[in-house]
Amino acid sequence: MSTDRGRLIVVSGPSGVGKSTVVAALHERHPFFFSVSVTTRRRRPGEVDGVDYRFVTPETFDRLRSSGRLLEWTEYAGHQYGTPKDPVLEQLASGNDVLLDIEVNGAAQVKAAFPEAITVFVAPPSMEALEERLRGRGDTDPEQIDRRLEIAAWQLSNARDTFDHVVVNRRVEDTVAQILRILAAPPTRADSS
Ligand code: 5GP
């Protein structure tokens, strides 16, 4: 990999683990281009179209996917999510690091296509802590929460085999510090927690 290309950083982890907070705090300490995904799910209160996601219809999503404009995509808890390809490739070519906040299927697709990508799984301290956070957030209906918890249990059991790094999110500052250490280290496969 030539050194003037940016690095592709993939941050994954279960819904409710606090990934968005970690990513926002990381952004203050490390410059990167945040890839804005397209999704067919509905906008939550406080989310901004074009900033948090591009909210699209299933028809638009299908069109983007079938015309090869997504780097990866998945269905998650009944909705489609995908990473627009062009902005990511352009930013990497310009030498900027790019961060994808995506779920585990997408992370696996990215790692297969870009083996040099740095993949980080953000894990909750426990399933109980995750459930508490998901229910406390109050923006997801109970049926969706149950689905997300089921998916999370499966993700956690697989994460150490499929990700370069696993970081347990106890305190945001510590999690960010760990990710910064990962980014500062030469590219090797190592888990930390
Ligand atoms: P949420 O609906 O809570 O915003 O996101 C649900 C899950 O979808 C999260 O784990 C998030 O990281 C993931 N996600 C968001 N965008 C994408 C994407 O473009 N591709 C994939 N594979 N997952 C995504």
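Two strands count as paired here if DSSP finds at least two bridges between them. With that in hand, welcome to a set of close-up views of this predicted model.

**View 1. V11 of β1 faces D101 across a strand pair.** V11 stands opposite D101 in β7. The two strands involved, β1 (residues 8-12) and β7 (residues 98-101), run parallel and are joined by four bridges. Further along this pair you can find L8, which stands opposite V98 in β7. Now turn to the other neighbour of β1: four bridges also link β1 to β8, again in the parallel sense. There, V11 stands opposite V120 in β8.

**View 2. The five-stranded sheet is open and parallel.** Its strands follow the order β2-β7-β1-β8-β9, with parallel pairing. Strands β2 (33-34) and β9 (165-168) are found at the edges with a single partner strand each, so one side of each has no neighbour in the sheet.

View 3. Helix α3 lies across β1, β2 and β7, and runs at about 150° to β7. Helix α6 (residues 142-162) touches β8 (118-123) and β9 as it packs on the sheet, and its direction makes about 150° with that of β8.

**View 4. Strand β1 is enclosed.** How many of the five residues of β1 are buried? Five of the five are, so β1 is largely enclosed by the rest of the structure. L8, V10 and S12 point one way from the strand, while I9 and V11 point the other way, and all are buried.

**View 5. K19 is a buried lysine in helix α1.** K19 lies in α1 (residues 19-29). Is K19 buried or exposed? With a relative accessible area of 13%, K19 is buried, because buried means under 20%. Leaving out residues up to four places away in sequence, K19 touches V11, S12, G13, P14, D101 and V122. Two of these names, V11 and D101, are the pair that stand opposite each other in View 1.

View 6. Zoom in on L26 and you will see contacts with F32, L99, V176, I179 and L180, setting aside neighbours within four places in sequence.

**View 7. A second open sheet has four strands and mixed pairing.** Here the order is β4-β3-β6-β5. Strands β4 (53-55) and β5 (70-76) are at the edges, each with a single partner strand, so one side of each is left without a neighbour in the sheet. Neighbouring strands of this sheet are turned by 25° against each other on average, direction ignored.

View 8. Strand β3 (residues 37-39) runs parallel to β4, and three bridges join the two. Within this pair, T39 stands opposite F55 in β4. Helix α3 (residues 85-93) packs on the sheet, where α3 touches β5 and β6 (79-84) and makes an angle of about 30° with the direction of β6.

Methods: Residues numbered from 1 in each chain as written. Predicted model: local features only at pLDDT ≥ 70, side-chain atom pairs only at ≥ 80, totals over all residues. Heavy atoms only, no water. Axes fitted to C-alpha atoms, helices over the stretch in contact; angles between N-to-C directions. Contact = heavy atoms within 4.5 Å. Buried < 20%, exposed > 50% of the residue type's maximum accessible area, 1.4 Å probe, protein only.
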